[in-house]
Amino acid sequence: MDLSYLEALMGGPVEETTAAAGGVWVVSPEGVLDDGALRLVGKARVVADALGAYVYLLLGGNPDSEAAQAAIRAGADHVLLASGVPALADLTNFFGERKPQVILFPRTRLGRTLGPGLAEKLGGGLCAYAADLAVAPIYQRVVAHQPVLDDAARQAVTIVASPAVVVMDTVALPAAFYEPWRTGKVEEVGLIWPAAVEYPHADVPSVPITLVNAAVVVAAGGGLKTAEGFALAERLAEALGGVVGGDLAALDAGWIGEEQLIGLTGRSVAPKLLLALGVDGDTSFFMATQAAGLIVAGQPDPKAPIVSVADQNVIADPTGFAGALLAELAR
Amino acid sequence: MRMVICVKQVYDPKSVKISRSREEFDLRDAVKILNPADKYALEAALCLRESVGGEVIALTVGDAGAEDVAREAVAIGADRAMLVTGSWKLETGNWKLETGKDVSAPASSLRPDSGQGFQPPAASFQLLASNAVTRLLAAAIVRLGEVDLALTGELGATDGTGGLAPRLAAALGWPVTLDAVGLSQNEDGLWAVVGPADARFVPIVQPAVVAIVPGPERPRYPHPRRIANAWNEGLVEFLTPADLGLTPDALTPDTEPGSLILGPERVRGQVVGGAIGEAAKTVVGMLRAKRVI
């Protein structure tokens with residue numbers, strides 16, 4: 001095992017101890033090593049440095065050695081390659097002898113299935129949904145930051161039982177490390193797990209997305225001026241996976257139907273993102289959008305009422321802003 | 001077919017406020033409801049019962065106030081309900097369920113909640129750690145015996161993690177299927193439709209645990225007659241951990257809830273400067289960082 005990184009970090013010679021031998025493990029059961037998994041390896045590196053431990057990566061799904069090298073550059077000390085996709089019993093056997101300190105899973109369907117089950121089988125502590133991790137300085141315990149109230153806040157959850165099993169949402173983690181000077185060990189563990197099973201396709205009627213349940217609503221206003229400008233709002237809604245609505249000016253212009261009207265005489269909306277393009281904002285509009293999570297407005301008039309209500313404003317022609325947003329989203 | 005639906009009483013997220021100055025939840029006006037995700041699990045079970053017959057039993061763990069959700073599940077359509085409850089005691093920052101019937105917690109460590117039960121510390125929604133809940137549910141299911149399916153909602157409304165179903169399955173030694181939008185039975189056996197994106201039929205080998213996600217089937221409303229009858233005697237069975245043969249050691253929490261971590265306060269009326277292209281780039285970057293898109 002290459003100890004140079006730990007020695008550089010600790011400022012002196014470091015010997016591998018029994019306590020550190022458990023290590024911080026990242027498990028990618030499907031063998032997927034995408035950007036999210038590499039971020040998770042980076043987070044494991046940070047946690048392992050705080051605990052004085054090594055980072056181990058267990059890759060299932062017949063990965064190649066190039067994937068292992070990418071993981072080492074991202075912070076792994078030891079990469080173990082296995083064949084097929086493990087079941088809970090396989091992982092329980094695997095970790096039963098190794099006594100890990102921390103086991104991290106990405107929040108994929110398989111990760112969500114195996115992580116909690118493994119915690120139960122190993123008698124460990126579990127946080128089945130964490131957006132970040134830290135180590136408590138005195139007791140060296142893992143503290144998971146669990147999103148609550150739809151990520152309006154995060155709850156610090158100290159994991160007291162060992163091993164600490166955490167299923168991580170990798171989206172909000174910092175970018176993966178890229179440190180080509182790192183060295184590590186790649187090992188074929190010789191485990192052959194069954195291949196993933198393909199199940200027959202099912203047709204599920206989709207739940208229609210409406211103004212009421214959409215996560216993103218693009219509100220068109222009279223400031224868009226023309227039907228071409230409104231078409232940009234529609235394209236933007238499609239690109240963001242949302243729906244388009246509008247204020248009374250858009251209704252009067254004939255761009256939207258009454259079922260798309262946002263206001264006290266129309267619908268109240270509570271999306272995560274409300275993108276208001278060319279909407280001046282009257283009392284009726286405000287009352288219907290007060291439950292919106294984040295409001296971004298494109299509006300040429302800096303004194304328009306919506307400017308003081310929106311979280312972010314772009315003081316510009318809304319048509320040009322919509323076009324620029326579409327171009328930026330297409331990148 | 002005998003199905004157990006694990007339901008949970010949660011705070012309605014719309015009624016919970018966050019006190020930024022105290023860095024804790026403001027639960028003074030918070031309302032407790034049946035976890036919305038669990039209604040979908042109940043609906044899946046009721047649909048299956050309508051097609052193949054059987055019994056639907058709602059199972060919940062909570063304080064005395066959780067009787068409301070047990071009765072609500074019966075009103076919606078469950079044949080009967082079980083409530084695992086007991087006295088509650090604050091110990092090292094975590095609320096611990098006393099396993100004995102006659103143990104009462106010291107008054108100083110309890111905060112009354114309208115005389116019905118006790119509220120958790122306001123920095124956390126959690127009454128019991130997830131390992132303790134899992135063990136209580138597993139013990140209750142084992143006590144029932146001859147259970148074919150245990151269904152859960154995928155996520156709790158306030159602080160759900162989605163960890164219950166796989167953990168419960170591991171405790172029972174049963175297989176687990178996540179992300180099921182519905183269940184169907186044909187001559188080849190029982191299938192879960194796992195989706196909703198790229199939906200697949202996944203065979204269920206019973207007994208099994210299935211976590212249900214909201215799908216096209218909307219949960220039904222309780223009939224007024226069932227609401228009235230739900231309060232009849234004998235429909236809800238009350239159990240303590242001692243009845244289930246669990247000792248306090250078995251309920252030792254594996255986690256301790258800590259403080260709340262709050263993001264920056266919302267500031268309205270900010271203006272993004274620069275040319276249109278630059279402003280669009282800033283806005284898209286900010287939306288991605290906030291995970292809105």
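Analyst: This is a predicted model. Between chain B and chain A, 28 residue pairs are in polar contact, both residues being at pLDDT 80 or more. The rule also finds seven salt bridges across the interface of chain B and chain A.

User: What makes the pair D311(A) and R266(B) a salt bridge?

Analyst: The closest N and O atoms of D311(A) and R266(B) are 2.6 Å apart. A salt bridge requires a side-chain nitrogen of Lys or Arg within 4 Å of a carboxyl oxygen of Asp or Glu. The value of 2.6 Å lies within 4 Å, and therefore the pair is called a salt bridge.

User: Which elements of chain B supply the side that touches chain A, and which gives the most?

Analyst: The elements giving two or more residues to that side include α3 (130–144), α4 (164–172), β18 (255–261) and α6 (276–289) of chain B. With ten residues, α6(B) gives the most. By class, this side of chain B has 38 nonpolar, 14 polar and 15 charged residues.

User: How many residues take part in the contact, and what area is buried?

Analyst: The contact takes 67 residues from chain B and 67 residues from chain A. About 5,500 Å² is buried between the two chains, and carbon and sulfur atoms give 60% of that area. In chain B, I261(B), I276(B) and R291(B) lose the most area to chain A, together 12% of what that side buries.

User: How do you know that strand β15 of chain A pairs with β19(B)?

Analyst: Two bridges join strand β15 (residues 312–314) of chain A to β19(B), and the strands run parallel. Pairing requires at least two bridges, so the two strands count as paired. Within β19(B), V271(B) stands opposite N313(A).

User: Why is E43(B) called buried?

Analyst: E43(B) has a relative accessible area of 6%. Buried means under 20%, so E43(B) is classed as buried. This residue is placed in helix α1 (residues 36–52) of chain B. Leaving aside neighbours within four places in sequence, E43(B) is in contact with E217(B), R218(B), P219(B) and R220(B).

User: What is the make-up of chain B as a whole?

Analyst: Chain B has six helices and 19 strands. Of its 293 residues, 53% count as buried. Among contacts in chain B with a separation of 6 or more, residues 24 or more positions apart account for 70%.

How values were computed:
Residues numbered from 1 in each chain as written. Chains lettered and ligands numbered in written order. Heavy atoms only, no water. Helix = DSSP H or I, 4+ residues; strand = E, 2+ residues; numbered from the N terminus. Buried < 20%, exposed > 50% of the residue type's maximum accessible area, 1.4 Å probe, protein only. Contact = heavy atoms within 4.5 Å. Buried area = accessible area lost by both parts, 1.4 Å probe. Polar contact = N/O pair within 3.5 Å; in protein donor to acceptor, adjacent residues only side chain to side chain. Nonpolar A, V, L, I, M, F, W, Y, C, P; charged D, E, K, R; others polar.
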